[in-house]
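Reader: I should like to learn how to read helix packing and aromatic contacts in a structure. Please give the general idea first and then the case at hand.

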Amino acid sequence: MHARDFYDYLTRARRTLWAALRTLTDEELSRPVLPSPGARCIKDLVAHIAVVEDGWFRGDLLGAPLVAESLGRPEPRSADEYWHHHTEPLDALLTYWEAVEADTLRRWPALDALARAGHRVRALDDAPETVSADEVLWHVMQHEVRHTAHLVQLIRLLGHTPPPLDLVFFNAR
């Protein structure tokens, strides 16, 4: 499967996930279910998925301003501000994620060109190791799948039935 095809699957699965999240109460979306210094609730993971795509694709690969900046989302000044979004409305978080997606789709030809050219970026800001643009594309998409599985589990822990999001459900004809 090509990266663009997989990203298209993610955009379709997102719509299903977002519809399910919109059926939950704000208290459920904000409830700290995970005992973690990082993501604790559904809203934290929703923000994190979008932030990672925004940062890797725009900041690291394209050297472009982040979508967050265009929406006036403040840059986090601490780990707490980075991770914890329980007070933000779900609609604001999904608006950000939708804007990241729209910008990614608009810039996909440039991202794909970097991947085909073998472009490399630092894996970590403070280390010399690099990863290819193709590896970054797959990393970001795999990252979303992993955290979407977390969201599905959190929906279950809150007593709801999550939607089926697996690739085969979206590709079956």
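Author: We begin with a definition: a helix axis is a line fitted to C-alpha atoms over the stretch in contact, and the angle between two axes runs from 0 to 180 degrees between N-to-C directions. Please bear in mind that this is a predicted model. Here helix α3 (residues 42–62) packs against α6 with the axes 9 Å apart and at an angle of about 30°.

Reader: How are α3 and α6 oriented to each other, parallel or antiparallel?

Author: Angles under 35 degrees count as roughly parallel. The helices α3 and α6 are therefore roughly parallel to each other. The crossing in which α3 passes α6 is left-handed. As for the residues of this contact, 18 are nonpolar, 1 is polar and 7 are charged.

Reader: At what angle do α1 and α6 pack?

Author: The angle between α1 and α6 is about 165°, and their axes lie 12 Å apart. Angles over 145 degrees count as roughly antiparallel, and that makes α1 roughly antiparallel to α6. The crossing of these two helices, α1 and α6, is left-handed.

Reader: How do α1 and α7 pack?

Author: The axes of α1 and α7 are 11 Å apart, at an angle of about 25°. The two helices, α1 and α7, are therefore roughly parallel to each other. In passing α7, α1 makes a left-handed crossing.

Reader: What span should helix α7 have, given its number of residues?

Author: The general idea is that an α-helix has 3.6 residues a turn, so residues three or four places apart point the same way. Helix α7 (residues 133–157) has 25 residues and should span 36 Å; the C-alpha atoms at its ends are 36 Å apart, which agrees. Just after α7, Gly159 takes a positive phi of about 90°.

Reader: Is Trp18 buried or exposed, and is Trp97 buried or exposed?

Author: The cut-off for a buried residue is under 20% relative accessible area. Trp18 is buried at 1%, and Trp97 is buried at 0%. Another edge-to-face pair is formed by Tyr82 and Trp83, at 5.1 Å centre to centre and 85° between the planes. Tyr82 is partly exposed, with 25% relative accessibility, and Trp83 is partly exposed, with a relative accessible area of 23%.

Reader: Which residues form an aromatic cluster?

Author: Phe6, Tyr9 and Trp138 form one aromatic cluster.

Reader: Where is Leu105 found?

Author: Leu105 belongs to helix α6. With a relative accessible area of 29%, Leu105 is partly exposed. Its C-alpha atom is separated by 16 Å from that of Ala133, 28 residues apart along the chain.

Technical notes. Residues are numbered from 1 along each chain as its sequence is written. This is a predicted model: local features need pLDDT of at least 70, side-chain atom pairs count only at pLDDT 80 or more; totals for chains, interfaces and linings use all residues. Side-chain values use heavy atoms; hydrogens and water are left out. Buried means under 20% relative accessible area, exposed over 50%, partly exposed in between (1.4 Å probe, protein chains only). Rings of Phe, Tyr and Trp (its six-membered ring) pair if their centres lie within 6.5 Å; planes under 30 degrees apart count as stacked, over 60 as edge-to-face and the rest as tilted. Helices (H or I, at least four residues) and strands (E, at least two) are DSSP runs, numbered from the N terminus. Angles under 35 degrees count as roughly parallel, over 145 as roughly antiparallel, 65 to 115 as roughly perpendicular and the rest as oblique. A crossing is left-handed if the near helix is turned anticlockwise from the far one by less than a right angle, and right-handed if clockwise. Ala, Val, Leu, Ile, Met, Phe, Trp, Tyr, Cys and Pro count as nonpolar, Asp, Glu, Lys and Arg as charged, and the others, Gly among them, as polar. The expected span of a helix is 1.5 Å times one less than its number of residues.
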